[in-house]
Amino acid sequence: MAKKFYVTTPIYYVNDKPHIGHAYTTIAADVLARYHRLAGEEVFFLTGTDEHGAKVAESAEAANKTPQEFCDENSAKFQMLWDRLDISNDAFIRTTSSYHQQGVAAFLNRLKEAGAIYEGEYQGLYCTGCENFITEKELVDGKCPNHDKAPQVIKEKNYFFKLKDYLPKVKELLDSGELKILPTSRHQEVLGLLRQGLDDFSISRQSVKWGIGLPFDNRQVTYVWVEALQNYITALGYGQIDEKFAKFWPADIHLMAKDIIKFHAIFWPAMLLAAGLEVPKVIFAHGFFTVDGQKMSKSLGNVIDPDALIDELGAEAVRYLLLSQFPFGADGDVKASNFVIQYNSDLANGVGNLVSRVLAMADKFLAGKTPDQDKEFADEMAGIWRQYREAMAAFQIDKAVEVIKKWQIFCDGYIERHKPWALAQTNNNQLAKVIYNLLEALRHLALMLYPIMPITADKILISLGQTDWQASSLPDLSRWGGLKAGTKVVKGEALFPRLEK
RNA sequence: CGCGGGGUAGAGCAGUUGGCAGCUCGGCGGGCCCAUAACCCGCAGGUCGCCGGUUCGAGUCCGGCCCCCGCAACCA
C-alpha cells in the first residue's frame with residue numbers, strides 16, 4: 001500500500017483576480033505534489049476558490065451581476081491560470097458547490113452536538129450604507145468613510161464557537177510537535193498569539209445573505225472564514241462519501257502565506273478537535289514578496305501580473321524563477337528586472353545550454369547512440385539524491401533547486417576537464433565513458449527538475465529516449481545506470497532560448 | 001513596553017549544535033571552441049546595524065540601543 005500525501009493551498013477569495021502571490025503558493029504546492037507522486041506516493045492535491053461573504057456580494061452588485069455569476073467568472077480565472085502553469089491539482093473546490101455546503105452542514109452539526117457552539121450576542125457598529133459591520137478603526141471622524149454616515153450600534157444574535165475550551169489542547173499539540181508550524185519563526189508567532197489570549201469567535205452572521213445557512217438556524221449564515229477552512233475536509237467528501245476522507249485525512253501539509261496563519265494554526269485545529277477529528281500534520285506559511293523593497297499593492301501599482309510574466313518567460317520559467325528567488329518560507333525581495341537576468345543565467349546558460357551541448361556531442365561524436373555503461377558517478381549521484389530528498393522532505397524547495405543547480409554546474413565542469421571534443425580525436429574508449437556519464441547525468445538532472453519544471457523535464461527525458469519513465473518511481477529511477485547502452489538520443493529544440501533584454 | 005520578522009561584498013540571499021566569512025548575479029583578467037556569443041579557471045570587493053557581556057574563540061549565545069518591514073487594519 002503506497003504512502004499517502006495530502007497537500008492543500010488556501011482557497012483563494014474570488015473577490016480579487018489571481019496575482020503573483022496566489023501563483024507562488026500554488027506552484028509550491030504543485031512541486032510538493034509532483035515530488036511525492038514521483039516518489040511513488042498516492043497524492044491528493046487540493047486548491048480552489050472561496051466564494052461567499054458580504055464582499056463578494058458587494059462586488060457582484062457593483063459589477064451588475066448575481067453573486068453566482070460573479071463567482072463563476074472569477075473562479076474560472078483561477079482555474080485558467082492554473083492550467084497555464086500546469087498545476088496538477090486533483091480537485092478544485094468551490095465553496096458554492098453543493099458537496100461543500102453539505103459537508104459544512106455536517107461539520108457544524110457535529111460541533112453543535114459536541115456542545116462547542118453556544119448562542120451569544122455580537123455587538124458592533126453597523127453602517128446602513130455598507131449594509132455591513134465596520135470596525136471602530138475604520139471610522140473617520142466617527143463616520144463611515146465610504147458613506148459619510150455615522151454607524152448605528154447594533155446587537156445581533158450570533159452563534160459562537162468555544163475556542164477557549166480547546167486552546168490548551170492546541171497548545172499541547174504544538175508543544176509535542178503533533179501539529180507542526182513551519183518555518184519555526186511562525187511557530188514562535190503562534191505561541192505569541194496564544195500567550196496574548198484569544199476569545200471565542202462568532203461563527204455566523206445575521207446581516208450577511210451570501211453564504212451557507214446554519215443547519216440549525218437558517219436565519220443565520222455561516223461566517224465565511226469558518227466554512228472556508230472546512231474545504232480541506234469537504235473536498236474529501238466529509239459528511240457524505242467518507243472513503244476518500246478516511247484515506248487522506250489528516251492533511252500532510254496546509255500551505256499558505258503568513259497572513260492567514262492564525263486561522264490555520266489555531267482556529268482550524270480547535271474546530272477539528274471539537275469535532276473529534278485529527279488535526280493536520282504541518283501548517284507551512286511562506287513569506288511575502290516585496291517588489292524593489294516595497295510591499296506589493298494595487299495602490300502602488302507594482303503588482304506583478306502572473307499572466308504577463310508567463311507571456312514573457314513561459315510557464316516553466318515562471319515556476320522556476322518564483323521558487324528560486326529566496327528560501328521557501330521567508331520573505332524576499334524581487335526585482336522584476338531580475339527575472340530576465342536569472343532566466344538567462346540559470347535556464348538558458350545553465351540547464352538549457354548543458355542539455356544542448358551534451359546531446360550535440362553525443363550526436364556529433366557517437367551518432368546519437370548511447371555508449372556502454374560507466375559507473376564513475378554512481379556514488380556521487382546517490383549523495384546528490386539524498387540531499388535532494390532531504391530538501392524536499394523538509395519543504396525546502398529552494399534548497400532542492402540549489403542541489404539541481406550544483407549538479408548542472410558540476411556537469412559543465414566535468415565537460416571542461418575531459419574535453420570530449422579532444423578525446424574524439426585521440427581516445428574513443430575514454431570518450432564513450434565521458435559521454436555515457438554525461439547522458440546519464442542529464443537523466444538524473446531531468447528527474448530532479450521534474451517537480452519544478454515538469455514539461456522541461458519530460459522534454460529532456462524524451463530526448464534521452466525515456467518515453468515511459470513515468471511508469472516507474474524514484475527508488476528505481478534514481479539508481480545510476482537507468483540509461484541503457486544503445487539507446488538513441490536526439491538533440492531537440494533549445495529548451496530556454498536566450499532572451500535579449 | 002501590542003505581536004512577529006529582519007539588518008552579512010555593488011545587487012539579491014545562505015550561514016545547522018559558537019571553530020579560518022559563503023552562494024548566485026554583476027565587475028575585472030585569463031582559458032576553451034562541444035554548446036543557446038553559451039561554458040571553465042582566477043581576481044577584486046565585507047568594521048557580519050551599533051555598544052557591552054559570556055568564552056581559548058561570537059555572524060552564531062546573553063543584555064541594551066538604532067534602523068527597516070509585516071500583522072493587528074479586505075491582499076498569497
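R443 is buried, with a relative accessible area of 3%; buried here means under 20% relative accessible area, exposed over 50%, and partly exposed in between, with a 1.4 Å probe and protein chains only. I start with that residue and then move to the sheets. Before that, the ground rules. This is a predicted model, in which local features need pLDDT of at least 70 and side-chain atom pairs count only at pLDDT 80 or more, while totals for chains, interfaces and linings use all residues. Residues are numbered from 1 along each chain as its sequence is written, chains are lettered from A and ligands numbered from 1 in the order in which they are written, and side-chain values use heavy atoms, with hydrogens and water left out.

Back to R443. This residue sits in helix α17, residues 428-449. Helices (H or I, at least four residues) and strands (E, at least two) are DSSP runs, numbered from the N terminus. What does R443 touch, leaving aside neighbours within four places in sequence? The list is L461, L464, Q466, L477, R479, G481, G482 and L483, where contact means heavy atoms within 4.5 Å. The R443 side chain also makes a polar contact with the side chain of H444, at 3.3 Å. A polar contact is a pair of N or O atoms within 3.5 Å; within protein, one must be able to donate a hydrogen and the other to accept it, and residues adjacent in sequence count only if both atoms are side-chain atoms.

Now chain A as a whole. Its secondary structure comes to 19 helices and 16 strands. Of the 501 residues in chain A, 55% are buried. Among contacts in chain A with a separation of 6 or more, 77% come from residues 24 or more positions apart. The chain exposes about 21,900 Å², and carbon and sulfur atoms supply 49% of that. Those areas come from the Shrake-Rupley method with a 1.4 Å probe; for residues, only the protein chains shown count as cover.

Next, the six-stranded sheet. Strands of a sheet pair through backbone hydrogen bonds, either parallel or antiparallel. Two strands count as paired if DSSP finds at least two bridges between them. This sheet is open, with the order β3-β2-β1-β12-β13-β7 and parallel pairing. β3 (91-94) and β7 (180-182) stand at the edges with a single partner strand each, so one side of each has no neighbour in the sheet. Neighbouring strands of this sheet are turned by 20° against each other on average, direction ignored. Axes are lines fitted to C-alpha atoms, for helices over the stretch in contact, and angles run from 0 to 180 degrees between N-to-C directions.

Going through the pairs, β1 and β2 (residues 42-50) are parallel and share eight bridges, with Y6 standing opposite F44 in β2. Helix α1, residues 20-38, packs on this sheet and touches β1, β2, β12 and β13. The direction of α1 makes about 165° with that of β1. Helix α10 packs on the sheet as well, touching β7, β12 and β13, and its direction makes about 145° with that of β12.

What about β12 itself, residues 253-257: how many of its five residues are buried? Five of the five. I253, L255 and A257 lie on one side, H254 and M256 on the other, and both faces are covered. β1 (residues 4-13) runs parallel to β12 and is joined to it by two bridges, with V7 opposite I253. Four bridges join β12 to β13 (residues 282-286), also in parallel, and the bridge partner of A257 is H286. β12, α10 (residues 261-274) and β13 make a right-handed β-α-β unit. Right-handed means that, with the strands pointing away from the viewer, the path from the first strand over the helix to the second runs clockwise.

The other sheet has three strands, is open and antiparallel, and has the order β9-β11-β10. Its edge strands, β9 (204-205) and β10 (213-214), each pair on one side only. β9 and β11 share two bridges, and R205 has V221 as its bridge partner. Two bridges also join β10 to β11, residues 217-222, with L214 partnered by D217. β10 and β11 form a hairpin with two residues between them.

Last, Q68, in helix α3, residues 67-84. Q68 counts as partly exposed, at 30% relative accessibility. Beyond residues up to four places away in sequence, Q68 touches E51, R94, T96 and W210.
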